[in-house]
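Please look through the structure below with the following briefing beside it. The points begin with one residue and then widen to the whole chain.

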Amino acid sequence: EINRINQDLPTIGGGKSAAIRQWMSSVVSQIDHYKAEHKALLKEATTLLELALWKANLDDNEEGVLEKVGVRTTRGRRKRARKE
């Protein structure tokens with residue numbers, strides 16, 4: 001897209017400024033589209049990270065409570081506890 005203007009300008013007889021304005025508008029529209037897409041991806045990644053941190057915090061708290069009581073936990077017991 002960026003090189004298109006370099007290819008088109010030599011072939012345009014008149015109205016080069018209009019062609020440049022149209023090209024600039026097209027580039028700005030594409031940038032806005034990619035910015036919106038990037039923002040959506042960042043929001044999704046942030047949400048996934050927050051959920052992972054929240055789950056890790058719950059797992060840490062669960063293990064700490066069981067250790068204080070003196071209960072030995074197994075992997076199976078931890079998985080069952082997470083489901084509940």
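R4 counts as partly exposed, at 33% relative accessibility, where partly exposed lies between buried (under 20% relative accessible area) and exposed (over 50%), using a 1.4 Å probe and protein chains only. This is a predicted model, in which local features need pLDDT of at least 70 and side-chain atom pairs count only at pLDDT 80 or more, while totals for chains, interfaces and linings use all residues. Residues are numbered from 1 along each chain as its sequence is written, and side-chain values use heavy atoms, with hydrogens and water left out.

**The salt bridge**
- The side chains of R4 and D8 meet in a salt bridge at 3.4 Å, N to O, a term that requires a side-chain nitrogen of Lys or Arg within 4 Å of a carboxyl oxygen of Asp or Glu.
- R4 and D8 are separated by about one helical turn, because they stand four residues apart in helix α1 (residues 4–8).
- D8 is partly exposed, with 30% relative accessibility.
- One salt bridge is found when the whole structure is searched.

**The chain as a whole**
- The protein chain has three helices and zero strands, these being DSSP runs numbered from the N terminus (helices H or I, at least four residues; strands E, at least two).
- Of the 84 residues of the protein chain, 6% count as buried.

**Another residue**
- L58 is found in helix α2 (residues 16–69), and L58 is partly exposed, with a relative accessible area of 40%.
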